[in-house]
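Subject: Structure for your review

Dear colleague,

Please find the structure below, handed over for your own work. A summary of the findings follows it.

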Amino acid sequence: MTVESTAARKTTRRSSGTKRTASAASAKKATAAQSAEPELVQLLTPEGERVQHPDYDIDLSSEELRGLYRDMVLTRRFDAEATALQRQGELGLWASLLGQEAAQIGSGRALRDDDYVFPTYREHGVAWVRGVDPTNLLGMFRGVNHGGWDPNTNNFHLYTIVIGSQTLHATGYAMGITKDGADSAVIAYFGDGASSQGDVNEAFTFSAVYNAPVVFFCQNNQWAISEPTEKQTRVPLYQRARGFGFPGVRVDGNDVLACLAVTRSALERARRGEGPTLVEAFTYRMGAHTTSDDPTKYRADEEREAWEAKDPILRLKAYMEREGHADAAFFEELETESETLGRRVREAVRAMPDPGHLAIFENVYADGHALVDEERAQFAAYQASFADGEAE
């Protein structure tokens with residue numbers, strides 16, 4: 001081996017070692033940046049202590065605080081009843097919002113009546129504050145209808161099962177509002193998992209370019225079914241907005257006061273013609289993704305226990321009791337109202353009539369369609385072929 005080749009090998013080893021060191025340093029730097037805690041808007045600590053924020057703050061009366069608490073308690077009661085009904089075989093599936101009450105109630109109460117909501121399939125709390133009867137949410141999960149309410153009655157769109165597609169619907173609707181000259185706003189709800197979908201990114205692009213009056217409200221409950229957020233993004237989700245040209249903000253999703261303040265500010269910004277905002281409500285999905293999921297297969301009990309200490313309902317109750325915004329009588333009356341709601345939901349679900357065999361073909365097209373008519377006739381003939389079959 002020549003002196004030149006030996007020197008070259010030494011140089012190559014030094015170069016490779018330098019590259020490996022630089023690569024390791026870059027990876028360490030990226031990991032550190034990822035783990036750094038981003039700014040979080042918070043007005044109520046997990047212990048129920050009221051804190052101030054320089055950009056977002058609100059002053060609510062005792063009555064308003066009791067209203068927010070009532071909304072969260074009744075929403076949780078309805079959600080628990082729906083979960084129990086699914087376990088009893090009364091519903092085919094249910095997507096629980098347990099732990100996300102503050103994000104939904106806070107943002108929902110920030111809306112005006114003329115604002116329009118585009119939900120996913122978990123926004124039971126937002127539906128509640130928009131005046132949608134809880135029992136109407138259950139028809140689709142029981143398989144007896146496709147939604148059960150008129151979206152234009154409460155400006156609350158039907159639940160969207162296709163992940164992320166509602167953000168495009170919301171953006172298009174918001175663009176239409178601008179052309180109509182209205183001063184209302186639109187809000188689109190989605191989860192951290194949906195943020196990886198192409199539809200969501202397309203919605204970000206169009207809303208920014210057309211300065212659409214839309215608020216993108218991402219409930220980051222940290223688990224897209226069994227995939228943690230860190231497997232979907234290297235930066236906090238709210239920072240993605242910057243790349244599309246509009247602001248993003250991260251809020252404590254278990255703090256109903258902060259969610260109300262931040263969403264109200266974003267909606268007002270949209271109404272002033274200043275375009276979209278991305279709100280990331282940092283929260284936690286306390287239960288399963290849906291009743292067909294088993295979260296014990298992919299996350300530790302210690303993680304859930306840590307978030308139980310940040311319960312959105314308990315922290316508001318602690319604050320209200322400490323500051324004298326509610327007495328024992330209020331909580332007792334609410335408990336009674338909660339049980340009444342649970343009983344009403346059970347009775348309503350069990351009384352839902354089964355749809356006719358041919359109902360699936362109705363309202364597919366507004367004016368009918370030859371192919372649908374043909375398929376209806378074929379299915380009717382198939383049903384009539386059974387000895388006890390009757391086409392309905």
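Does Cys259 count as buried or exposed, and at what relative accessibility? In this predicted model, Cys259 has a relative accessibility of 0%, so it falls under the 20% cut-off and counts as buried. Cys218, at 1%, is likewise counted as buried. A search for disulfides across the whole structure returned 0.

Overall composition

The chain has 392 residues, of which 46% are buried. Its secondary structure consists of 14 helices and 7 strands. Of the contacts between residues at least 6 apart in sequence, 74% join residues at least 24 apart.

Helix H10

Helix H10 spans residues 256-271 and contains 16 residues. From first C-alpha to last it reaches 22 Å, close to the 22 Å expected at 1.5 Å a residue. Because 13 of its 16 residues are buried, H10 is largely enclosed by the rest of the structure. Just after H10, Gly273 adopts a positive phi of about 85°.

Surroundings of Ser184

Ser184 belongs to the loop between helix H7 (165-180) and strand E2 (186-191). Its relative accessible area is 7%, so Ser184 is buried. Setting aside neighbours within four places in sequence, the residues in contact with Ser184 are Arg112, Asp114, Asp115, Ile177, Pro213 and Arg271.

Aromatic pairs

A pair of aromatic rings is described by the distance of the centres and the angle of the planes. The count of aromatic pairs comes to 25. In one of them, the ring centres of Tyr284 and Trp307 are 5.4 Å apart and the planes lie at 10°, so the pair is stacked. Tyr284 sits in the loop between strand E7 (277-282) and helix H11 (301-308), whereas Trp307 sits in helix H11, so the pair ties together parts that are 23 residues apart in sequence. Tyr284 counts as buried at 0% relative accessibility, and Trp307 counts as buried at 10%. Elsewhere, one aromatic cluster is formed by Phe78, Trp94, Phe141, Trp149, Phe156 and Tyr159.

Yours sincerely,

A colleague

Technical notes. Residues numbered from 1 in each chain as written. Predicted model: local features only at pLDDT ≥ 70, side-chain atom pairs only at ≥ 80, totals over all residues. Heavy atoms only, no water. Helix = DSSP H or I, 4+ residues; strand = E, 2+ residues; numbered from the N terminus. Expected span 1.5 Å × (residues − 1). Buried < 20%, exposed > 50% of the residue type's maximum accessible area, 1.4 Å probe, protein only. Disulfide = S-S within 2.5 Å. Contact = heavy atoms within 4.5 Å. Phe/Tyr/Trp six-rings, centres within 6.5 Å; stacked < 30°, edge-to-face > 60°.
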